[in-house]
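I opened this notebook to keep track of what I looked up and in what order.

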Amino acid sequence: MPSTVKPDLASPPHALKRVRWRALRHLRVGAGTVALVLLIGTGVAHMVHRSSLVLSDARRWAALDLREARRKTFGAAYTDAIQTIRRELPSDATYLLVPRSTPVGWELWIRYDLAPRRPILLQPRAGGGLRGPKGTAVPKWVDWAVVPGDEGVPVLVTRGQLLSGRRAHDAGR
Amino acid sequence: MPAGSAAGALAAIALFLGPGLGLTVCLPGFAKTGLARRLAFAYLLGVAWIGLFLYAASHFGGMPIGAPLVFLAAFIPLSAGAAVAVGLLVTRKWLAPPAARPRRPLQALGWIGLSLLAALVSFSVLANALTHPLDDWDGRMTWSAQAIFIREAGSVDAEILRSPKTFVSHPRYPLLMPLAQVAVLEATGSDDERAFRAVYAAFFPALVLLVVDAGRRWSGRRAALLTTFALLTIPWIPFDREGGAAGAYSDLPLACFFGGGLLLLIRGRPRVSHGVAAGLLLAAAVLTKNEGLPEAAITLVLAGGSGLTALRRRVRSVRARLLATAAASGLVLAAFVLLFSWRSAVPNRYDESYFETFSVLSFVSNLASGRSFSTLPMIAARMFSTGMWGLFWWSAPLVFLTAAPTLRRPPTTFLAIAAATPVVVAWSAYSQVSAAIYYAGVTWNRILLQAAVPGFALLALAVRRLLSAVRSRHKA
C-alpha cells in the first residue's frame, strides 16, 4: 500500500534527519561561499596593492639604462669586472671557470654573464690542485681562467697564474 | 620606462602575435572566436610556430638562425593570414563573433572589474620586465644561457652543447623558449634581455584568458568570472621571478601550451583545424620542457578516449573527434622525432639524468617511494605560504569540497586526469633524486602552475555547483 503520509506529518526521527541534513547543507554552502568571498575579497585588495608597489618600483628603475640597472642589481664591482672580462676575452674564447664555495651557484651567474664564451668547469682535487670535467687533467689548450676574487667579484687570470696560485694555496694549507 | 626597451618589448610581442593572428585566420576553427580569446590563442600559436619553425629549420635543414630566418618564419603565417582574410572579406564570408548576450548589470560590472584587475597586474609585470635585468635562477642557469649559446652559433646544434667538456647545465633540455628569446633578439637587433623578458610577461594575460575560456565552456559565465578572480589573487604566478611571469622560466609557457592544447581538443565537436592548432601547441609543449611530453601524451589519450566514448555512444561527433586527435597526434609525433634526433647528439652532463634511469616499472614503483612522501612538509609549506599563494590553498579546497563536481561526468574526469599528470610526474621524479625535499621546494609551485588550466577548470565546475546551491537556497 503506497504511503500517504504527508512530509510535515513524517515520523519524528525522519523529520529530525531532514532538518539535520538541511542544516548541514546550509552550513556546507555557507562555508563554501564564505571561503570564496574571503579568497576573492582579500586577494583582489592584495593584488591591487602589490601591483601598485611593482609599478612604483618600475618607475624608479625606468630612469636607469641597462648597465646602471645591472650595477644596482648585482653590485658595481661585479658588473664592472664582468664588463672588463668581456672586453678582454673574445666572444668565441674558451675559459676555465673555478667555482666559489659560497654562495652556491656563483659559477652559473658568471657563465651567463660571460656567454657566449665557453666555460670549462674545474673542481678542487681531494689531494690538492684542480681537476677538469670527469676527473680529467686541467686542459692545456685553454689560456684563460676566471676565478672568484674578493666578495665574488670575478677575476681573469692566465692558466699559468691559476695553477701557480693554486700550488701556493695548497702549500699554505 | 626607457623608450627603447618599451619599443623592443612591443616589437617582441608583435613578432609572435602577428603570425599567430595569421594562423587563427587560416584555421577555420577560430572563425567564431571572440577577440580576447583569439588574441590569447594567437600569441601562443605565434610563439609555438616560430619556435618550431626555427628548431626544425636549424636542425633538419641546417639553416642558420638569424634575422632572415626569423622574418621568414613570421612572414609565412602573416602573409597566408592576410591572403585568407582578404579572400573572406571579398567573398563576404568573414564570420563575426556571436553577439554577446545581454548581461545583468552586476555581472557586467564583475567582468569590467576582472578586466581592470587583469590589465593592472599584467601591465605591472610588463613594467617590471622592461626595467629590471634578468636575475632569476633557472633563466640565467639554463634557458637564457642556452639562448645566447645558440644565437652565437646560429644553430640549435651548437658545438658548446655537443662538446662533453663544456660547462652547460641541462644541455638536453628542449630549446623552444630559448629559440623564442633568440627570435626576439635577432628581430630587434639587440642584446637587451629586457626585450625577451616581455615575452614571458605576456604569457600571464594569455593564461588568464585560457582560464576564462575553460571556465565559460564548462561552467558558464558567472563561475568563469569568479574562478578567474581566484586565479588573479595568487601573487606568485605574475610576480615571482622563480617560475612566475616576472622570470624567464619555461613553466608558464608550458602551462599555456598544455592548457591551450587541452582546451582545443577536449570539446564536443572539434574541427580538424582545432586539431592542427592543438597539435602546434602540444608540439610546443614537448619542445618547451621535459614535462611537456607526458602532458601532451595525456591530452592526446584523453582526446582519443573522448572519440572512443563517442563511438560507443554512437554520437555524431565521432569522426570529428578522431580526425582532430589524429591531426594533433601527427604534429606531436613530429615534435618528438625532432626532439629525439636533436638530443641524440648532445651528451648529458650537469643534469639530474631522469631519462637515463627511467622505466615504466620504476616510474610506478617511485610513486610509493618514501623519499617522495618525505617532501610532504615542504609541499605543504609552499602551498600554504600566503606570500606566494595568498589565501588560495586555505580557501579553494574548501570551495571545492563543499561543492565537488561528480567525477562521472566526462569533462570532470578528463580535467582531473589532466590536472593530475604534472603532479604525478613530479611526485615520481622526486624519488629519483637524493635531495628530494630541496627539489620539491624549488619545483612544486611550478608543477602546480603547469596544471593551472585544467585545475582552474575543475574549480570552476565546483564554483558553478556552489552558485546553483546558493540560488536554490535563496529560492527556498
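**Entry 1: terms and source.** I count two strands as paired if DSSP finds at least two bridges between them. Helices (H or I, at least four residues) and strands (E, at least two) are DSSP runs, numbered from the N terminus. I note that this is a predicted model, in which local features need pLDDT of at least 70 and side-chain atom pairs count only at pLDDT 80 or more, while totals for chains, interfaces and linings use all residues. Residues are numbered from 1 along each chain as its sequence is written, and chains are lettered from A and ligands numbered from 1 in the order in which they are written.

**Entry 2: the sheet of chain A.** I looked up the pairing of β1 (residues 94-97) and β5 (residues 144-148) of chain A, and found that they run parallel and share three bridges. Within this pair, A:Tyr95 is placed opposite A:Trp144, and A:Leu96 is placed opposite A:Ala145. On going from β5(A) to β6(A), I found an antiparallel pair joined by five bridges, in which A:Val146 faces A:Leu156 of β6(A).

Which order do the strands take in the sheet? I read it as β2-β1-β5-β6 in chain A, an open sheet of four strands with mixed pairing. The edges are held by β2 (118-121) and β6 (154-158) of chain A, each of which has a single partner strand, so one side of each has no neighbour in the sheet. From one strand to the next, the twist averages 35 degrees.

**Entry 3: helices across the sheet.** Here I needed axes, which are lines fitted to C-alpha atoms, for helices over the stretch in contact, with angles from 0 to 180 degrees between N-to-C directions. Two residues are in contact if their C-beta atoms, placed from the backbone, lie within 7 Å. Helix α3 (residues 76-88) of chain A lies across β5 and β6 of that chain, at about 30 degrees to β6(A). Helix α5 (residues 159-171) of chain A lies across β1, β5 and β6, and its angle to β6(A) is about 105 degrees.

**Entry 4: where chain A meets chain B.** I found 43 residues of chain A in contact with 47 residues of chain B. On the chain A side, α1 (12-61), α2 (66-74), α4 (106-114) and β2 each supply at least two residues, and α1(A) gives the most, with 23 residues. By class, this side of chain A has 27 nonpolar, ten polar and six charged residues (Ala, Val, Leu, Ile, Met, Phe, Trp, Tyr, Cys and Pro count as nonpolar, Asp, Glu, Lys and Arg as charged, and the others, Gly among them, as polar).

Entry 5: Helix α9 (residues 203-219) of chain B has 17 residues and reaches 24 Å from its first C-alpha to its last, close to the 24 Å expected at 1.5 Å a residue (the expected span is 1.5 Å times one less than the number of residues). Is this helix buried or exposed? I found 15 of the 17 residues of α9(B) buried, so the helix is largely enclosed by the rest of the structure. A residue is buried if 20 or more other C-beta atoms, placed from the backbone, lie within 10 Å of its own, exposed if 12 or fewer, and partly exposed in between. After α9(B) comes B:Gly220, with a positive phi near 90 degrees.

A nonpolar core is a set of buried Ala, Val, Leu, Ile, Met, Phe, Trp, Tyr and Cys residues joined through C-beta atoms within 7 Å. The largest has 194 residues, and those with the most contacts inside it include B:Leu44, B:Ala198 and B:Leu207. Its largest share, 15 residues, comes from helix α2 (residues 35-59) of chain B. Neighbours within four places in sequence aside, the contacts of B:Ala198 include B:Ala9, B:Ile13 and B:Leu126.

Entry 6: Most residues other than glycine have a negative phi, and most peptide bonds are trans. A:Glu151, in the loop between β5 and β6 of chain A, has a positive phi near 55 degrees, and with 9 C-beta neighbours inside 10 Å it counts as exposed. B:His170 also has a positive phi, of about 50 degrees, although it is not a glycine; with 18 C-beta neighbours inside 10 Å, B:His170 counts as partly exposed. Lastly, I noted a cis peptide bond between A:Ala115 and A:Pro116, with omega about 10 degrees, and A:Pro116 lies in the loop between α4 and β2 of chain A.
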